[in-house]
Amino acid sequence: MTSDDSANWITFEHRGPVTIIRLNRPEKLNAFHFTMDETIVRYVQSLNAGEYDTRCLILTGEGRAFCSGADVSSLEQRSSLNTERKPPWRPPHSEVKSPRALRDCDVPVIGALNGYAVGLGFGLALATDLRIAADDARFQVAQLKRGLFGDHGLGHFLPQQLGQQRGLELMLTARMVEAQEALDLGLVLKVVRKDELLDAALALAEQIASGPPLGIAASKRVTYMNDNEDLHRVMDYSSLAIGHLFNSEDNAEGIRSFMERREPQFQGR
C-alpha cells in the first residue's frame with residue numbers, strides 16, 4: 001500500500017455548516033484500515049481546534065455497506081510496524097481511536113447507516129450520536145465469529161444502549177440484526193429507504209446546525225460526561241484483550257472458516 005492508495009479512503013464533503021464524512025473503499029465494503037482511524041481522529045481534533053466551520057457531521061459509507069469490519073491486512077501491517085512490543089501492563093492510548101474521537105467531537109455526529117455495519121463497523125456506527133438506517137442496514141458483532149469479541153467500543157455501547165441482558169445477547173450470539181429490529185431496540189432513530197438515507201440525514205443535520213453551537217456542544221458534553229470514562233476503560237481493556245486473542249487457535253480457526261465459507265469449530269484454546 002502507498003500513501004496514494006489510502007489518501008481517498010475517507011472523503012470529506014462540505015455542504016454549508018454540515019460536513020459529510022464517507023468511508024470510501026466500496027470495492028472492499030469499506031473494510032476499515034488503521035489509517036482510516038487516524039484520518040477520522042485527526043479531522044475531529046482539527047475541528048475541535050476551530051479549523052473548520054462545521055456545526056454537524058454525517059458519517060456514512062460509499063456503496064453497498066457502511067463498514068464491513070476491520071481490514072485484516074491492516075492488522076498485519078500495523079503489527080509489522082510495531083517492532084518494539086509494549087509492556088503488557090501499559091494501557092494503549094484509546095484517545096487515538098475513532099469511537100472516542102467521535103464522542104469527544106464538539107459537534108453532533110449523525111450516522112447514515114447503509115448496508116452492512118458489522119464487527120468494527122458496528123462499533124463505529126454506535127459511536128455516532130444520532131443514527132438513521134437504510135432499510136437494507138444489517139448489524140452484527142461479527143468478531144465473535146473469528147474467535148474474538150466485540151471491540152471498538154461494542155462492549156460499552158451495546159450494554160449501555162440496550163441494557164446488560166439484551167446487549168450481552170447480541171455479543172454472545174453474533175446474530176445479525178436487521179434494520180427494523182435495530183429500530184425496535186432503539187439502536188437507530190428511524191429507518192428510511194436506502195435512496196432516501198442521505199436526504200434524511202441532511203435534513204436532521206441542517207436542523208441541528210441551525211441551533212446555537214455553544215449550547216449544542218454543552219448538551220453533548222453533559223450527556224456523555226460520565227459515560228465517556230466508562231468508554232475509555234472498556235476500550236483500554238478491549239485493546240489489551242484483543243491482542244491476546246489474536247494469538248489464539250480459535251482466532252486462527254475463525255479466519256480459516258471464514259475463508260473456507262463454513263461454520264467455525266472453536267476449541268477454547
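Start with the largest nonpolar core, which has 46 residues. Here a core is a set of buried Ala, Val, Leu, Ile, Met, Phe, Trp, Tyr and Cys residues joined through side-chain atoms within 4.5 Å. Select Leu 23, Phe 139 and Leu 158: these touch the most other members. Now colour helix H2 (residues 34-48), which gives the most to this core, with six residues. Helices are DSSP runs of H or I, at least four residues, and strands are runs of E, at least two, numbered from the N terminus.

A word on the ground rules: this is a predicted model, where local features need pLDDT of at least 70 and side-chain atom pairs count only at pLDDT 80 or more, while totals for chains, interfaces and linings use all residues. Residues are numbered from 1 along each chain as its sequence is written, and side-chain values use heavy atoms, with hydrogens and water left out.

Zoom in on Leu 158. What is it in contact with, leaving aside its neighbours within four places in sequence? Contact means heavy atoms within 4.5 Å, and the list includes Phe 122, Leu 126, Val 141, Met 171 and Leu 187.

Next, the rings. The whole structure has three aromatic pairs, a pair being rings of Phe, Tyr and Trp (its six-membered ring) with centres within 6.5 Å; planes under 30 degrees apart count as stacked, over 60 as edge-to-face and the rest as tilted. Pick Tyr 43 and Tyr 52: with centres 4.7 Å apart and planes at 25°, this pair is stacked. Tyr 43 is buried at 5% relative accessible area, whereas Tyr 52, at 32%, is partly exposed; buried means under 20%, exposed over 50%, and partly exposed in between (1.4 Å probe, protein chains only).

Then jump to Phe 122 and Phe 139, a tilted pair at 5.5 Å centre to centre and 40° between the planes. Phe 122 sits in helix H5 (residues 120-126) and Phe 139 in strand S8 (residues 138-140), 17 residues apart. Phe 122 is buried at 1%, and so is Phe 139 at 2%.

Last stop: helix H11 (residues 227-245). Click Met 235, found in H11 and buried at 4% relative accessible area. Its C-alpha atom is 8.9 Å from that of Leu 154, 81 residues apart along the chain.
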